[in-house]
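Please walk me through this structure.

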Amino acid sequence: MQQLLTTTLTGLTLGMVYAAFALALVMIWRSTRIVNFAQAPMAMITTYVALTLIDAGQPFWLAFAAALASGLVLGAVVERVVIRPVEGGSEVNAVILTLGLFIVIHALAAVIFGARFRSFPAPFGLSGFRAGEVSIALTGFGIFTIVSVLVVMGLLVLLFRRTDLGLTMRAAAFNQEVARLLGVRVGRLLTLGWALAALVGSLAGLLIAGGSLVHPGYMDSVVVYGFVAAVLGGLDSPAGAVVGGLVLGLVLSLVSGLVSAALVPLAALVVLMVVLLVRPGGLFSTVTERKV
Amino acid sequence: MATTVPVSMRDRLSWRRLPPLARHLLVALVGLALIVVVIETAGSFRQGQISSMAYLAIAAGGLTVLTGQSGQLSLGHGALMAVGAYTTALLLQSRAGAPPLVVVLAIATVVTLVVGVAVGIPAARLHGPYIAGATLSLAVAVPGVALYFSEQLGGEQGLTLRVPEAPVWLLDTMFFITGQELTGRKYVAYVAWFCLVLTYLLLANLGASRVGRRWRAVRDDEVAAAIAGINLGRARVLAFVVSAAAAGLAGAVMALVVRVSAPSGFTLTLSLGLLSAIVLGGLGSLLGALIGAAILTFLPQVVTSIGQDAGLSDLQAAELAPLVYGLTVILVILLAPAGLVGTIRSGLAHRRRPT
């Protein structure tokens, strides 16, 4: 009972982070039809920005905000400089570009910050609460994780549903040609979309890093979990990505608790295979795609 | 106005008029002869590097067929190589009682092929990013599997293996041809390059056949291909499985060359390195894959020593090579998406064409 509770709470906390990361992937997929595999090292390098500031004696929250801001800028720069020339072109080339970025950012981080493991501080306690005899594996940082992801999701919903900017962004993602004809500055909105997605990715990176170790490859498995979560949700649906993230967090936490942490990535692969075989359109698919 | 080119006697007997199989066989024979010369004249360290280039080139060849001809991307060829390498290591634990090397290589290829089927069927049936994502998960998952089954697979240290002795007839033949003793290292280099030539021969013929034409049709226009009666899913899965088999053979050769299979040899970096190799060389071209593999083998040494001269620590300098690959990948895709081979070829075609 105790173990099940612990596993569930850990799973939900991690699931929120995967959900955030999946959301970042889905935002970019919807607007540019690219799965941005470079999201992982982009988040990683912004975490290093925060870590450098913290090591220089700056307060944690300033470093946190700086990391998010650098994520925003990095996302915009990447879209404008690297991705823009191949948008609407060959699918394979676009993905190869994100992988080139993946390699470059990885190597840069290792050259600049070193490839060793470094510990990243957490602003809140890392021990669980106690309710009578039962200890609850929900740490202060865990609560912060859940709340901050929920806040970001709420803000994104407000942006996309309630503002004119959000409406034009959805229009640009839905049909670029028509949106352009209606006077929407599609290019700028794509840059903004990548920037926002990179910000959400950076948040996920900071949340994974908090109270744990960072090294240049620490986000590599998270991009896999984010992708699997996004596919679970249908790759096209932000709500699906969130649900997919939570489901995947629970499943992986169960595997980690009951079998072994070494098999967690394999479990993610199995989940992906099963989803693709049984419901290739994701858990919530209603209509199947028709091409011909 | 259509220009008619007079067909001279020389043209009729020219290279382009040979059937593909004959052309490929000729290239393969010339290649084999070249390899004997290179391996016999190279020093011991270079022989090791030449063998490394062979296994990278086998895997890159499989990957370039997948990406260039069928338009799919695999980020997990390093992991598929691990499957082949571990199979080989398990089969070659002791010299006594080990099956012949040909059988070992064949088993490793088949085992990887089966894994390729398991991953490829769900993912390759769908178009878009699914095969990339699934193979990326495979690349991240495989090291964990080696750690979990640490009793059978040796955990972090991996499995060491014993390379079987060269058969007597081969020793005699090679002595007859080259007049030199066949050392163990040379034997492995010959095995590696023979596998490479065989793989490229098969891949080149497959690409020139109906199968290859179907792959390219699916890559270029799904709807048109489907209307022409091509089963899209089947064509994609077949391309992935063929490519996985090549990766398995590459892994088996790698195990022979480095004599150990450990998780640290099959990181995501290997998969991404292979991808950059085929992008540099030119997607879809086997010659490009070979050139890319050569760059992948010989560049790190050069770049690392430049980095050390510039005052970087050894660890930092070791990261310069991936930095160079990554930057070149980005630049090639943005500026010359056809890669080295494709750009040179179209340049030549431009010059040849009458204006």
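Buried residues make up 49% of the 292 residues in chain A. The model is a predicted one. Chain A contains 11 helices and 4 strands. Its C-alpha trace spans about 65 × 50 × 35 Å along the principal axes. How does the radius of gyration of chain A agree with that of a compact globule? A compact globule with 292 residues would have a radius of gyration near 19 Å, and chain A has 19 Å, so the two agree. Now look at the contacts within chain A between residues at least 6 apart in sequence. Of these, 72% join residues at least 24 apart.

Chain B comes next. It has 17 helices and 2 strands. The globule rule gives 20 Å for its 355 residues, and the radius of gyration of chain B is 21 Å, close to that value, so chain B is as compact as a globular protein of that length. The C-alpha trace of chain B spans about 70 × 50 × 50 Å along its principal axes. Of the 355 residues, 48% count as buried. Contacts in chain B can be sorted in the same way. Among those between residues at least 6 apart in sequence, 78% join residues at least 24 apart.

Now to the helix pairs. Two packed helices are described by the angle between their axes and the distance between the axes. Take helix H5 of chain A, residues 140-162, and helix H6 of chain A, residues 164-174. Their axes are 5 Å apart and the angle is about 80°. An angle of 65 to 115 degrees counts as roughly perpendicular, so H5(A) is roughly perpendicular to H6(A). Which residues meet here? H5(A) brings A:Leu159, A:Phe160, A:Arg161 and A:Arg162. H6(A) brings A:Leu165, A:Gly166, A:Met169 and A:Arg170. By class, the contact holds 4 nonpolar, 1 polar and 3 charged residues.

Another pair is helix H9, residues 220-232, and helix H10, residues 238-258, both of chain A. The axes come within 7 Å and cross at roughly 125°. That makes H9(A) oblique to H10(A). The crossing of H9(A) and H10(A) is right-handed. On the H9(A) side, the contact is made by A:Tyr225, A:Val228, A:Ala229, A:Ala230 and A:Leu232. On the H10(A) side are A:Ala241, A:Gly244, A:Gly245, A:Val247, A:Leu248 and A:Leu252. These residues of H9(A) and H10(A) divide into 9 nonpolar, 2 polar and no charged.

A further pair joins helix H2 of chain A, residues 39-55, with helix H8 of chain A, residues 186-209. They pack at an angle of about 65°, and their axes are 8 Å apart. The crossing of H2(A) and H8(A) is right-handed. From H2(A), the residues that meet H8(A) include A:Gln39, A:Met42 and A:Ala43. From H8(A), those that meet H2(A) include A:Ala198, A:Gly201 and A:Ser202. The contact of H2(A) with H8(A) has 8 nonpolar, 6 polar and no charged residues.

Two single residues are worth a look. Is A:Thr98 buried or exposed? It counts as buried, because 22 C-beta neighbours lie inside 10 Å and the cut-off for burial is 20 or more. A:Thr98 is found in helix H4 of chain A. Leaving aside neighbours within four places in sequence, A:Thr98 is in contact with A:Ile34, A:Asn36, A:Phe37 and A:Ala38. A:Arg279 lies in the segment after H11 of chain A. With 14 other C-beta atoms within 10 Å, A:Arg279 is partly exposed. Along the chain, A:Arg279 and A:Leu232 are 47 residues apart, and their C-alpha atoms are separated by 8.6 Å. A:Leu232 also belongs to the contact of H9(A) with H10(A).

Finally, see where the chains touch. In all, 44 residues of chain A are in contact with 45 residues of chain B. On the chain A side, helix H4 (91-113), H9 and helix H11 (264-278) each supply at least two residues. Which helix gives the most to this side of chain A? H4(A) does, with 17 residues. By class, the side of chain A that touches chain B has 36 nonpolar, 5 polar and 3 charged residues.

Conventions
Residues numbered from 1 in each chain as written. Chains lettered and ligands numbered in written order. Predicted model: local features only at pLDDT ≥ 70, side-chain atom pairs only at ≥ 80, totals over all residues. Rg over C-alpha atoms; globule rule 2.2 N^0.38 Å. Buried ≥ 20, exposed ≤ 12 C-beta atoms within 10 Å, placed from the backbone. Contact = placed C-beta atoms within 7 Å. Axes fitted to C-alpha atoms, helices over the stretch in contact; angles between N-to-C directions. Parallel < 35°, antiparallel > 145°, perpendicular 65-115°, else oblique. Left-handed = near helix turned anticlockwise from the far one by under 90°. Nonpolar A, V, L, I, M, F, W, Y, C, P; charged D, E, K, R; others polar.
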